[in-house]
Amino acid sequence: MTQPKELDPYTSARAFYGAELRRLREQAGLSQDQLGERVFCSGTYVGQFESAVRRPQTDVSRLFDDVLGGGEHLQRLCRLARQSKHPDYFADAAELEKLATTISEYAPMLVPGLLQTEAYARALTRATLPFAPDDEVEEHVSARMERGCRIDRPGAPEVWAIIHEAALRVPVDGPEVMREQIDRLWELSRSHSRVVVQIVPFDAGPHPLMYGTTILMTSAESAPVAYTEGAHTGQLIDEPPMVAKFQRSYDHVRAAALSPKASLPVLASAVKDYSTP
């Protein structure tokens, strides 16, 4: 169970939500475990909301209001606390990413967001949102660049990126953009102390995660989670048996990939191909 910690409820909408949830729970004379039993989740899960570790959930807030007699108080606060610069389907995963100590990603067709260059991210965003105005595109790009900056800051997570060779060969925008992006992967793989890059070559054949992007995260604040993503949709998975299945599948992909050292020539070759007139 996550132990209550003192929060300034006025630092953010999420902190205010957590403080109000704790106030109502204690007013009702319930422990985190007891409240969790009534809303079909664990006491640890309740504690993560109260300590502002986890972004509030709409359906759980409705149950909290029903059990604690809050009317729609927590549901209204939830709408405020869920505002994010990220797409809604990714916002919960983005919040957990900030707390992660390890991030392991498999990317079948695109370079992982944490490792993208600005030009590459902009080209992808424009392709994904072809009718979006420029300011909306730039907001998405800025949010992605903000995520990527974390790998160079103190306390950065360990990042393990397994990327299919297809992601290196599908041109995004143009040769210059791709050359810059793959060169960044090469530099990160060669010299960054907390980033590991492996390439899955075309001849590796099928594997368990070939259907889409998968991210595994661990942190000191919460249990391991998995996140899967497709076009305009994503799913955060925190049920331990399912997370364990994703971890086993990730291990199989890691075994099928080239070693970090053997991946460097593949990256160098791709950079050279985009440099050839």
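1. Basis. The model is predicted: local features need pLDDT of at least 70, side-chain atom pairs count only at pLDDT 80 or more, and totals for chains, interfaces and linings use all residues. Residues are numbered from 1 along each chain as its sequence is written, and side-chain values use heavy atoms, with hydrogens and water left out.

2. Largest pocket. The largest pocket holds about 860 Å³ of space. (On a 1 Å grid over the protein atoms alone, a pocket is an open set of points with protein on both sides within 12 Å along at least five of seven lines, a cavity is a set where a 1.4 Å probe fits but cannot get out, and lining residues have an atom within 4 Å of a point; points are joined across faces, edges and corners, and a volume is the space filled by probe spheres set on them.) Of its 32 lining residues, Tyr89, Leu110, Thr128, Arg144 and Glu229 are the closest to the centre. At least two lining residues come from each of helix 6, strand 1 (102-107), helix 7 (118-128), helix 8 (134-149), strand 4 and strand 5 (225-230). (Helices, H or I of at least four residues, and strands, E of at least two, are DSSP runs numbered from the N terminus.) By class, this lining has 17 nonpolar, 10 polar and five charged residues. (Ala, Val, Leu, Ile, Met, Phe, Trp, Tyr, Cys and Pro count as nonpolar, Asp, Glu, Lys and Arg as charged, and the others, Gly among them, as polar.)

3. Second largest pocket. This pocket has a volume of about 210 Å³. Among its 13 lining residues, Ser42, Tyr45, Arg54, Ala223 and Asp238 lie nearest the centre. Helix 3 (residues 43-50) gives the most to the lining, with three residues. The lining comprises six nonpolar, four polar and three charged residues.

4. Cavities. Two cavities of 30 Å³ or more are present. The largest has a volume of about 40 Å³, and its lining includes Leu96, Leu99, Met217 and Ser222. Helix 6 (88-99) and strand 4 (213-218) are the elements that give two or more residues to that lining, which has six nonpolar, three polar and no charged residues. The second largest cavity holds about 30 Å³. Among the residues that line the second largest cavity are Arg54, Arg55, Asp92, Glu95 and Leu96; by class, its lining has three nonpolar, one polar and four charged residues. Helix 6 gives the most to this lining, with three residues.

5. Helix 1 and helix 4. The axes of helix 1 (residues 13-27) and helix 4 (residues 58-68) come within 10 Å and cross at roughly 30 degrees. (Axes are lines fitted to C-alpha atoms, for helices over the stretch in contact, and angles run from 0 to 180 degrees between N-to-C directions.) The two helices are therefore roughly parallel to each other. (Angles under 35 degrees count as roughly parallel, over 145 as roughly antiparallel, 65 to 115 as roughly perpendicular and the rest as oblique.) Tyr17, Leu21, Leu24 and Arg25 of helix 1 make the contact with Ser61, Phe64 and Leu68 of helix 4. (Contact means heavy atoms within 4.5 Å.)

6. Helix 10 and helix 12. The axes of helix 10 (residues 175-191) and helix 12 (residues 260-275) come within 9 Å and cross at roughly 160 degrees. That makes helix 10 roughly antiparallel to helix 12. Residues that meet here include Ile182 and Trp186 in helix 10 and Leu264 and Val271 in helix 12. By class, the contact has 12 nonpolar, two polar and three charged residues.
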